[in-house]
2 protein chains.
Amino acid sequence: MIIPTLDDMLAAHERIKPHVHRTPVLTSSHVDGLAGAQLFFKCENLQKAGAFKARGASNAVFGLSDAEAARGVATHSSGNHGTCLSYAAGRRGIPCTVVMPRTAPQAKKDAVAGYGARVVECEPSVTSREATFAEVVAETGAEFVHPYNDPRVIAGQGTCAKEMIENVESLDAVIAPIGGGGMVSGTCLTLSNLAPNIKIYAAEPEQADDAARSFKAGHIIADDAPETVADGLRVPLKDLTWRFVKSHVTDILTVSEQEIVDAMKLIWKRMKIVVEPSSAVPLAAVLKNPDVFAQKRVGVILTGGNVDLDKLPWL
Amino acid sequence: MIIPTLDDMLAAHERIKPHVHRTPVLTSSHVDGLAGAQLFFKCENLQKAGAFKARGASNAVFGLSDAEAARGVATHSSGNHGTCLSYAAGRRGIPCTVVMPRTAPQAKKDAVAGYGARVVECEPSVTSREATFAEVVAETGAEFVHPYNDPRVIAGQGTCAKEMIENVESLDAVIAPIGGGGMVSGTCLTLSNLAPNIKIYAAEPEQADDAARSFKAGHIIADDAPETVADGLRVPLKDLTWRFVKSHVTDILTVSEQEIVDAMKLIWKRMKIVVEPSSAVPLAAVLKNPDVFAQKRVGVILTGGNVDLDKLPWL
């Protein structure tokens, strides 16, 4: 296991700068009033390809040697990582293959293909996905870029917290959603080195609370495809992300499906930005736990904005 | 008629700085590809109270003497100006009265009242509105702040173009939607003085094209409450705004209802921001007129983000 270091994160930031947005930090007096806290929203929904995963994917892709890059990259993902890896590979002009379940929404397949990657379908089971993916790698020699359990990806995601502390002074806490733990691990990497006084919280759907249960149990608990509207957060922790989470996270807070949808709609309505359900989980947790966040200055990471505008969860 | 000057605009910018956001300028490679141009979106949908009108309203409110301010402000509006005047008055802690037709959506009345103003209902006719408004002013002595035909308001709206040229170099053109012409007039005020080489375009719904017809005819043509999804653009030009429009605008381009809705959805989908239909009219015009904008660097003013999330025009 290779543990990414502060230097890896700093190098990642230089490497990806030409390929990602330095996203704005937005505030809302109205939402602050509801939370009883000062919230600073880091808008990764406004990131290239609509999600923070453009950071980690770009770091992995642009860190390859020319010889490695020539063979391309591959991953399995039905979410933002596939789209963002496709985006980064397209920027470098190298092949990219994304294995996706044939049952994934057509819009998601189109998004991946839209940035130039080849989509290879598998059956919606772990066995089929692993077999299909092994074939792709055997055939192409492509470099596997895991959605989160990869030091290059974690170092890339850590650049988001770096920008946040450069833009906002004296934060008391930062909160991010947790699924596989890539963003939270990157946040841990950055803040534990550069701003160790800032507390790190993770937020998770009650219906996919494997990270919260892992945190309490002291070892990884993995659920099999839990159901939640926050579809980016269905995946389990892995060894590398677990290492960061168990060492640096103060607490993992959980919220209901209704609380997620309400927070999502609140962000759209008052902040005028499009966020996907996963992005709203941290705000839902802040609103639910005023005892934890009252009067604090809190960085809230809005992780992505890829949502089907024809199927909004409150309609 | 008092014509606002460059100095008025510069003073407005200093005056309103503590009360409005310096909104970000966003870009989208995807939208640039569709337009064949480089577009810089000035995000007034992310402005306080969700619209650029917070600028003009704040300038009017904070420019009052203490004696004037004590009597409060008043306006008639069923749109963003009422909300924004209420916001600005609330910031100064002075009374605000907004006359609104009783038929206006409850959400709009709630938005105005939400920032602290008193809502007084009238019948949905010009006669009733004027009579009701006269009563309010007689009773309170409040200062009337017109939604757009007011030098203080135009000077305030002009601060948006100032920020845009400070943030984006070498623009060839700026385009904004036109209803009553407040934003376009402010843009004319600023650019004709500070960057006279930048062409100014206005964009308007075909179904409410009174400004375009005025522009061609050489005198104001006012329609009576035209119907369009871009509900912020139903009002006619008035003497002061007409003066700026006729002198400094290069052209007024019109677009269909479907083109407005398509451009609105494109902005939501690719840029991950919530804009109201009026805001999408300029992008629709840019996409419709590649001959005018090809290869150009174009500032696009997104005017507001106040929309009913339960009633989206593409659903």
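## A buried phenylalanine and its partner

A:F293 counts as buried, because its relative accessibility is 1%. The model is predicted. The cut-off for buried is under 20% relative accessible area.

The structure holds nine aromatic pairs over all chains. One of them joins A:Y201 and A:F293. Their ring centres lie 5.0 Å apart, and their planes stand at 65 degrees, so the pair is edge-to-face. Planes over 60 degrees apart count as edge-to-face. A:Y201 sits in strand 8 (residues 199–205) of chain A, while A:F293 belongs to helix 14 (residues 290–293) of chain A. The pair therefore ties together parts that are 92 residues apart in sequence.

## A pair across two chains

A:W268 and B:W268 form another aromatic pair. Here the centres are 5.8 Å apart, with 70 degrees between the planes. That pair is edge-to-face.

This pair crosses between chains. A:W268 lies in helix 12 (residues 257–271) of chain A. B:W268 lies in helix 12 (residues 257–271) of chain B. Are these two residues, A:W268 and B:W268, buried or exposed? Both A:W268 and B:W268 are buried. They also belong to one aromatic cluster with A:W314 and B:W314.

## The build of chain A

Chain A has 14 helices and ten strands. Its radius of gyration is 18 Å. The globule rule gives 20 Å for 315 residues, and the value for chain A is close to that, so chain A is as compact as a globular protein of that length. Along its principal axes, the C-alpha trace of chain A spans about 55 × 45 × 40 Å.

How much of chain A counts as buried? The share is 57% of its 315 residues. Chain A exposes about 11900 Å². Carbon and sulfur atoms supply 49% of that area.

Contacts reach along the sequence too. Take the contacts in chain A with a separation of 6 or more. Residues 24 or more positions apart account for 72% of them.

## The annotated domain

An unreviewed UniProt entry places one feature on chain A, "domain: Tryptophan synthase beta chain-like PALP".

Definitions and conventions. Residues are numbered from 1 along each chain as its sequence is written. Chains are lettered from A and ligands numbered from 1 in the order in which they are written. This is a predicted model: local features need pLDDT of at least 70, side-chain atom pairs count only at pLDDT 80 or more; totals for chains, interfaces and linings use all residues. Side-chain values use heavy atoms; hydrogens and water are left out. UniProt positions are given in the numbering used here, feature names are shortened, and annotations may be inferred rather than shown by experiment. Rings of Phe, Tyr and Trp (its six-membered ring) pair if their centres lie within 6.5 Å; planes under 30 degrees apart count as stacked, over 60 as edge-to-face and the rest as tilted. Helices (H or I, at least four residues) and strands (E, at least two) are DSSP runs, numbered from the N terminus. Buried means under 20% relative accessible area, exposed over 50%, partly exposed in between (1.4 Å probe, protein chains only). The radius of gyration is taken over C-alpha atoms; the globule rule is 2.2 Å times the number of residues to the power 0.38. Contact means heavy atoms within 4.5 Å. Accessible areas come from the Shrake-Rupley method with a 1.4 Å probe; for residues, only the protein chains shown count as cover.
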